[in-house]
Amino acid sequence: MRAAKAIVLVAGLLLSLSVFAEQPKKGEKQKGPTMVELMEQKKYQEAATLGEQFIKANQADFGVYYNLALAYKNLKDYPKALSNAELAAGMDATSVLPYELEAAVYHEMNQDDKAAESYEKGLVVDPTNKEMLYTLGHLYEQRKEMAKAMEKYDQLVALDPAYRNVAYDVGVMLQENGDPQKALTYLDKAKAAAPDNDDVLLAIAQSQLKLQDYAGAAETFQQFLKITKKEAYKVAMMQNMAFCYFKAKDYAKCAETAEQILQARPNDEKGLFFKAEALFAQDDCAKAVPAANDLLAVSKDNGKRLPVLKGICECSYKGKKFKELASYGEQLLAIDPNDDAVLLHMATAYQEMKNNRKAVEYYKKFIAVTKDADLKAKAQKNVRQLGG
């Protein structure tokens, strides 16, 4: 998406040229429209003819040469357009207009290397020209000359990070190119220039996520929610916040955020999942098990079902609720038959319930998969004692 946007921007900016309003005044006997009027009426050949007449009469100035170059550009007579633009540049060393026109001509000729050279000449005249810096940066980016592009972007960001959202644009580009740390340096400048821009905050949070700064990302998502008017984004951002709080081991805030998700969207699977997982992480089995059951009632996603089933099994084992453990353990092992911790819990549960046959079955399954030599030896001893 961004590459296509850059091409459109470059093409649009290269072609957004206007006539120069000044030109020699006509003598009293000279009648008819001026060059400017002819150009505005898109009568480019007539404008060119009039311009050539001014030159023959030694009345040509900067405006005549510039407008003549523009007329020839529109007539697709590129050599004459370039030669007149060069003459215009020679008559006013302080104007960047001839170089912008040259760049537009070269762009139409598919010579963007020459277009870039023309912009560079214009920036020698006016190094603070924001539009030229912006356009040239995009042109270099389009040409995959990233070092040159970044040079122009850095100059523009130093002048005005808010200009055409350039700091944000560069930050997103760097993020997409796999450099989230450098992206943040630009995105922070974009935020300073426009603190209420929710797109900037979202890009910052995405970079923080890539850097595994989960606490920072959660805070940025929170800032996003405070200012955004994009209602459709809010639940997704809260889901991201819950994830970040969980990864940052801030389980209380994770559970709190999950509740906010469920208030906005009851039975949201991610909300139910993070609520259960946060409560399990806080060792609050009394609240975690019902929350996990809520998730199991609506979700068919084994990626979510497996960890909450594991949490229920751990709570059941700690609470010595062996019948419950056996029921949930069967569901878990249907998804992951080689979970050695649950296999051992199941064997222990059946042994406690005096079901020696099932206990032996699960001890043997545990023995087949475990890599813990001590636990394996103890399980083998239990099998022998149970007659297996």
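Ring pairs join Phe246, Tyr251, Phe273 and Phe274 into a cluster. The structure is a predicted model, in which local features need pLDDT of at least 70, side-chain atom pairs count only at pLDDT 80 or more, and totals for chains, interfaces and linings use all residues. Residues are numbered from 1 along each chain as its sequence is written, and side-chain values use heavy atoms, with hydrogens and water left out.

A search of the whole structure gives 8 aromatic pairs. Rings of Phe, Tyr and Trp (its six-membered ring) pair if their centres lie within 6.5 Å; planes under 30 degrees apart count as stacked, over 60 as edge-to-face and the rest as tilted. Tyr134 and Tyr163 form an edge-to-face pair, with 6.3 Å from centre to centre and 80° between the planes. This pair links distant parts of the chain, 29 residues apart: Tyr134 belongs to helix 8 (residues 130-142), and Tyr163 to the loop between helix 9 (146-159) and helix 10 (166-176). Helices are DSSP runs of H or I with at least four residues, numbered from the N terminus.

Because Phe246 lies in helix 14 (residues 234-247) and Phe274 in helix 16 (residues 269-281), the pair ties together parts that are 28 residues apart in sequence. Phe246 is partly exposed, at 23% relative accessible area, whereas Phe274 is buried, at 9%.

Technical notes. Helix = DSSP H or I, 4+ residues; strand = E, 2+ residues; numbered from the N terminus. Buried < 20%, exposed > 50% of the residue type's maximum accessible area, 1.4 Å probe, protein only.
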